Amino acid sequence: MTEASFDITSGVTLSRTLVPTLAPNFISRKRLFPLLTHETPSTTVVIAPAGYGKTSLVAEWAKQSRDPVIWMTITNSDSTNEMAALLIQATRNVIPGFAPWFETDQPVRPTEVVRRWGNELLATGKNYIFVIDNLRKANSKDVEIATKLVEQFPANVSFISIRREPQDSAYPSYLSRGSLSVVGINELKFSDGEVKTLAESHGIDFSDEKINQSLKGAQGWPAAIGILVRHIGKTGQAVDFE
């Protein structure tokens, strides 16, 4: 769909309110889908440093979800009012014309936006997946805001939080609304089979012992393996990862 297909909320970057497009050479990780699939309501935290394929995994899973997915990506520069606008746009992408009051009733406090948002989603009688891809650095203020917002999420929403840094103090709020699951580095590492698939997609002989050991030296870190594969594919030479 093009931007012309959407009624875009003023000041919002549309791409940050859509499920990201997967790269052409993306390695499917369907084996991890059960870690993201839970009964509503639930909360799943996908947490790991950059380069572990968190966003790609959730995006692949979201594209096959039977429930509509509301997706928003937030960054350090976003104010609470800007995040509220992203929330409304992300929801309008799924429910056209959602929350007309967002423009007519301004100013509306962000916490009030979430309260109304939750009430209207609940009134639809349908289940939804709400994903926040959080690129912000952890700080105490964010934890406080997140706790207040999550406490207002309706019972027909399953929440997935994608983060680079821990936010353990928010876990009690997550647990209060249903089951809580955490997907971390150990789960997100590439398996030997996934490393082999990526290598062979670049025409690399994974059976070559030096190449095999070079790729295994990255210890499953997807970003590092991707760099090694591209280098080996161009040069034909194994690399000492250390």
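Helix 2 (residues 80-94) lies across strand 2 and strand 3, running at about 150° to strand 2. Contact here means heavy atoms within 4.5 Å. Axes are lines fitted to C-alpha atoms, for helices over the stretch in contact, and angles run from 0 to 180 degrees between N-to-C directions. Helices (H or I, at least four residues) and strands (E, at least two) are DSSP runs, numbered from the N terminus.

The model is predicted, so local features need pLDDT of at least 70 and side-chain atom pairs count only at pLDDT 80 or more, while totals for chains, interfaces and linings use all residues. Residues are numbered from 1 along each chain as its sequence is written, and side-chain values use heavy atoms, with hydrogens and water left out.

The protein contains 10 helices and five strands. Its C-alpha trace spans about 65 × 40 × 35 Å along the principal axes. Of the 242 residues, 46% are buried. Buried means under 20% relative accessible area, exposed over 50%, and partly exposed in between (1.4 Å probe, protein chains only). The accessible surface comes to about 12,400 Å², and 53% of this belongs to carbon and sulfur atoms. Areas come from the Shrake-Rupley method with a 1.4 Å probe; for residues, only the protein chains shown count as cover. Among contacts between residues at least 6 apart in sequence, 74% join residues at least 24 apart.

The five strands form an open sheet in the order 2-3-4-1-5, with parallel pairing. Two strands pair if DSSP finds at least two bridges between them. Strand 2 and strand 5 (179-183) are the edge strands, and each pairs on one side only. On average, neighbouring strands of the sheet are turned by 15° against each other, direction ignored.

Strand 1 (residues 42-47) has partners on two sides. With strand 5 the pairing is parallel, over five bridges. With strand 4 (residues 157-163) it is also parallel, over five bridges. Threonine 43 stands opposite leucine 180 in strand 5 and opposite phenylalanine 159 in strand 4. Valine 46 has valine 183 of strand 5 as its bridge partner.

Strand 1 is largely enclosed by the rest of the structure, because six of its six residues are buried. In a regular strand the side chains alternate between the two faces of the sheet. From strand 1, Ser42, Thr44 and Val46 point one way, while Thr43, Val45 and Ile47 point the other way; all are buried.

Isoleucine 47 belongs to strand 1. This residue has a relative accessible area of 13% and is therefore buried. Leaving aside neighbours within four places in sequence, isoleucine 47 has contacts that include Lys54, Arg163, Pro166, Val182, Val183 and Leu188. The C-alpha atoms of isoleucine 47 and serine 161 are separated by 8.1 Å, although the two residues are 114 apart along the chain.

Strand 2 (residues 69-74) is mostly covered, with six of its six residues buried. Val69, Trp71 and Thr73 are buried on one side, and Ile70, Met72 and Ile74 on the other. Six bridges join strand 2 to strand 3 (residues 128-134), and the two run parallel. Isoleucine 70 stands opposite phenylalanine 130 in strand 3.

Phenylalanine 130 also takes part in aromatic pairing. The structure holds nine aromatic pairs. Rings of Phe, Tyr and Trp (its six-membered ring) pair if their centres lie within 6.5 Å; planes under 30 degrees apart count as stacked, over 60 as edge-to-face and the rest as tilted. The rings of tryptophan 117 and phenylalanine 130 are tilted, because their centres are 5.1 Å apart and their planes are at 55°. This pair links distant parts of the chain: tryptophan 117 lies in helix 4 (residues 110-123) and phenylalanine 130 in strand 3, 13 residues apart. Tryptophan 117 is buried at 0% relative accessibility, and phenylalanine 130 is buried at 2%.

The rings of tyrosine 171 and tyrosine 174 form another tilted pair, with centres 5.9 Å apart and planes at 40°. Both residues lie in helix 6 (residues 171-176), three residues apart, or about one turn of the helix. Tyrosine 171 is buried at a relative accessible area of 17%, and tyrosine 174 is buried at 2%. Trp117, Phe130, Phe153, Phe159, Tyr171 and Tyr174 form one aromatic cluster.

A charge also sits over a ring. The charged end of arginine 116 lies over the ring of tryptophan 101, 4.8 Å from its centre. The criterion is that NZ of Lys or CZ of Arg is within 6 Å of the ring centre and within 35 degrees of the ring normal.
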